[in-house]
Amino acid sequence: MKLTSIGAVMGIAAAAGFAVAAPGIAQAAPKKGGILKFVVPAEPPSFDGHKETTFALIHPIAPFYSVLIRVNPDNPATLTDFRCDLCTGDVPEPTDDGKTYTFKIRKGVKFHDGEPLTAKDVAASFQRIAFPPKGVSSGRKGQWAMLESVNAPDDETVVFKLKYATGAFIPVVANPYNFIYSKSKLDKDQKWYETNIVGSGPFVFEKREAGARITGKANKDYYHKGKPYLDGFEAIFAKKQSLRVQAIRGDQAAIEFRGFPPKSRDDLVRALGKDITVQESDWNCGIVLTPNHSVKPFDDVRVRRALTLALDRWQGSKDLSKIAIVKTANGIVFPGHELDMSRDELHKVAGYWPDIEKSRAEARRLLKEAGVPNLSFTFLNRATDPPYTIVGTWLIDQWKKVGITAKMRNEATAGWFAGLRAGDFEVGITANCQSVVNPLLDVAYYLPTGRSSQQYGKFKDPELEKMFDTMVRTRDKAEQKKLMTQYQKRVLDEQAHNFQIFWWYKINPYRSYLKGWKITPSHYLNQDLSGLWIDKG
């Protein structure tokens with residue numbers, strides 16, 4: 001995980017003297033007080049964390065809630081380190097051959113309205129997430145296929161029973177959307193939390209001004225003693241990126257947690273010098289190419305392989321990272337994760353060969369063999385930057401080098417989704433964006449249509465499903481990695497069902513007086529704000 005700015009921005013840094021956050025460098029002791037102002041590009045559709053899937057919910061609403069476990073807030077860039085929040089001690093090890101997890105819940109925790117929080121509230125919240133009642137929407141229900149039941153035998157104990165042992169379980173529990181709600185409120189109205197906010201987290205809800213802001217004040221009874229450091233926060237909604245950049249430049253806000261493209265970073269660095277700090281990281285969000293297997297000639301694996309073999313990802317990574325929020329060329333496992341392929345293994349996968357001329361010669365051979373040496377098609381893209389249209393323009397140029405003529409059909413978000421869901425496309429650009437880095441479940445995105453709700457390629461592949469089911473059920477790390485490598489090769493090369501083009505790249509420039517913030521591989525993680533403070537001294 002890279003937490004320092006790199007490349008061209010370092011030259012700017014040297015000239016302007018701005019601060020670069022680096023791992024392992026201790027900061028001064030936290031200070032109490034102050035109101036943190038930050039900008040958010042969109043308002044949440046509702047206040048219900050179990051229902052919604054957007055960062056626009058997490059950034060302004062997560063500070064009001066507690067979760068059972070979370071990524072380590074002191075080192076959130078690590079990919080496998082989880083810590084208790086409402087539970088006590090360490091995250092428990094399973095019993096019953098890996099199929100039972102027992103959590104002990106903190107005593108004395110209260111919701112912001114004074115109601116005691118017990119294990120019954122925790123169990124009721126996870127029951128709603130994993131087994132939503134009729135009429136209730138759960139945005140991550142599909143991640144809980146391994147869960148048989150969750151119950152609270154007493155006020156201090158929560159027991160999860162699994163259908164099968166899997167290493168994917170703990171990361172699912174740590175999802176930041178798993179807000180703990182009051183069982184009594186859910187019993188009265190399962191949809192109460194869509195329009196109301198009462199949690200047990202580090203901040204207490206103050207007010208919402210529709211279209212403008214949401215504010216919170218410090219919870220003086222927060223169970224993590226000494227926190228939060230801030231007196232409160234103000235989440236300011238601003239749809240236009242130019243307004244959000246200007247808010248930071250004019251010190252009307254300290255940060256946007258989602259991130260900015262390289263140019264905005266560079267502009268802020270030039271303008272603010274030492275008053276700006278930058279952190280950067282690979283982002284758990286991949287931009288993906290999806291051929292429609294039900295449309296000729298994309299039912300032919302030779303044509304699909306040619307599409308990926310034509311792409312010079314290695315040079316493209318260098319070029320596009322200067323202008324867009326994409327950077328790393330890698331397979332479908334988050335870069336650097338223990339289940340990822342080695343670079344040598346990746347170099348053997350179609351589209352990742354180190355010799356681009358050899359790769360493109362093979363692409364031309366396959367197109368000729370398939371009877372479409374002068375292939376022409378239109379691909380569906382999202383009319384959004386960053387990064388969709390920039391990457392789409394790059395694809396057109398890359399395919400031209402092997403005789404493919406491609407045109408881009410840009411659609412606004414609603415039309416883009418409609419075209420994908422209806423199968424109204426030849427090739428489409430999609431994205432696989434997740435929160436907690438959990439490859440065992442993240443790669444479920446690439447399962448066949450019908451098995452994966454996000455797969456628009458319209459194909460069947462029982463062998464791929466068998467690989468996935470075996471992989472997600474083994475707890476042996478070596479076996480997981482072996483199976484994951486086989487799974488990646490089948491998706492990307494042998495069958496070329498989908499292609500990972502690039503991983504997104506997260507860039508966060510922020511006011512240097514904001515302390516304690518540490519970048520994560522997702523714009524969903526570590527957003528309760530309890531460990532942040534302001535130091536303008």
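How many helices and strands does the protein chain have? In this predicted model, the protein chain has 16 helices and 18 strands. Its radius of gyration is 24 Å, close to the 24 Å that the globule rule gives for 537 residues, so the protein chain is as compact as a globular protein of that length.

**Overall chain**

- Taken along the principal axes, the C-alpha atoms of the protein chain fill a box of roughly 70 × 60 × 40 Å.
- Of the 537 residues in the protein chain, 60% are buried.
- Among contacts in the protein chain with a separation of 6 or more, 72% are between residues 24 or more positions apart.

**Helix 9 and helix 12**

- Helix 9 spans residues 313–320 and helix 12 spans residues 388–400; their axes come within 12 Å and cross at roughly 140 degrees.
- That angle makes helix 9 oblique to helix 12, because an angle has to be over 145 degrees to count as roughly antiparallel.
- The crossing of helix 9 and helix 12 is right-handed.
- On the helix 9 side, Arg 313, Gly 316 and Leu 320 take part in the contact, and they meet Ile 390, Val 391 and Trp 394 in helix 12.
- By class, the residues of this contact divide into 4 nonpolar, 1 polar and 1 charged.

**Helix 15 and helix 16**

- Helix 15 (residues 462–473) packs with helix 16 (residues 477–494) at an angle of about 155 degrees, and their axes are 9 Å apart.
- Helix 15 is therefore roughly antiparallel to helix 16.
- The crossing of helix 15 and helix 16 is left-handed.
- Helix 15 contributes Glu 463, Leu 464, Met 467, Phe 468, Thr 470 and Met 471 to the contact, while helix 16 contributes Gln 480, Leu 483, Met 484, Gln 486, Tyr 487, Arg 490 and Val 491.
- The contact of helix 15 with helix 16 has 8 nonpolar, 3 polar and 2 charged residues.

**Asn 292**

- Asn 292 is in the loop between strand 12 (276–291) and helix 8 (301–309).
- Asn 292 counts as buried because its relative accessibility is 0%, and the cut-off for buried is under 20%.
- Not counting residues up to four places away in sequence, Asn 292 touches Phe 298, Gly 423, Phe 425, Glu 426, Gly 457 and Lys 458.
- Asn 292 and Leu 420 are 128 residues apart along the chain, and their C-alpha atoms are separated by 9.3 Å.

Notes. Residues are numbered from 1 along each chain as its sequence is written. This is a predicted model: local features need pLDDT of at least 70, side-chain atom pairs count only at pLDDT 80 or more; totals for chains, interfaces and linings use all residues. Side-chain values use heavy atoms; hydrogens and water are left out. Axes are lines fitted to C-alpha atoms, for helices over the stretch in contact, and angles run from 0 to 180 degrees between N-to-C directions. Helices (H or I, at least four residues) and strands (E, at least two) are DSSP runs, numbered from the N terminus. Angles under 35 degrees count as roughly parallel, over 145 as roughly antiparallel, 65 to 115 as roughly perpendicular and the rest as oblique. A crossing is left-handed if the near helix is turned anticlockwise from the far one by less than a right angle, and right-handed if clockwise. Contact means heavy atoms within 4.5 Å. Ala, Val, Leu, Ile, Met, Phe, Trp, Tyr, Cys and Pro count as nonpolar, Asp, Glu, Lys and Arg as charged, and the others, Gly among them, as polar. The radius of gyration is taken over C-alpha atoms; the globule rule is 2.2 Å times the number of residues to the power 0.38. Buried means under 20% relative accessible area, exposed over 50%, partly exposed in between (1.4 Å probe, protein chains only).
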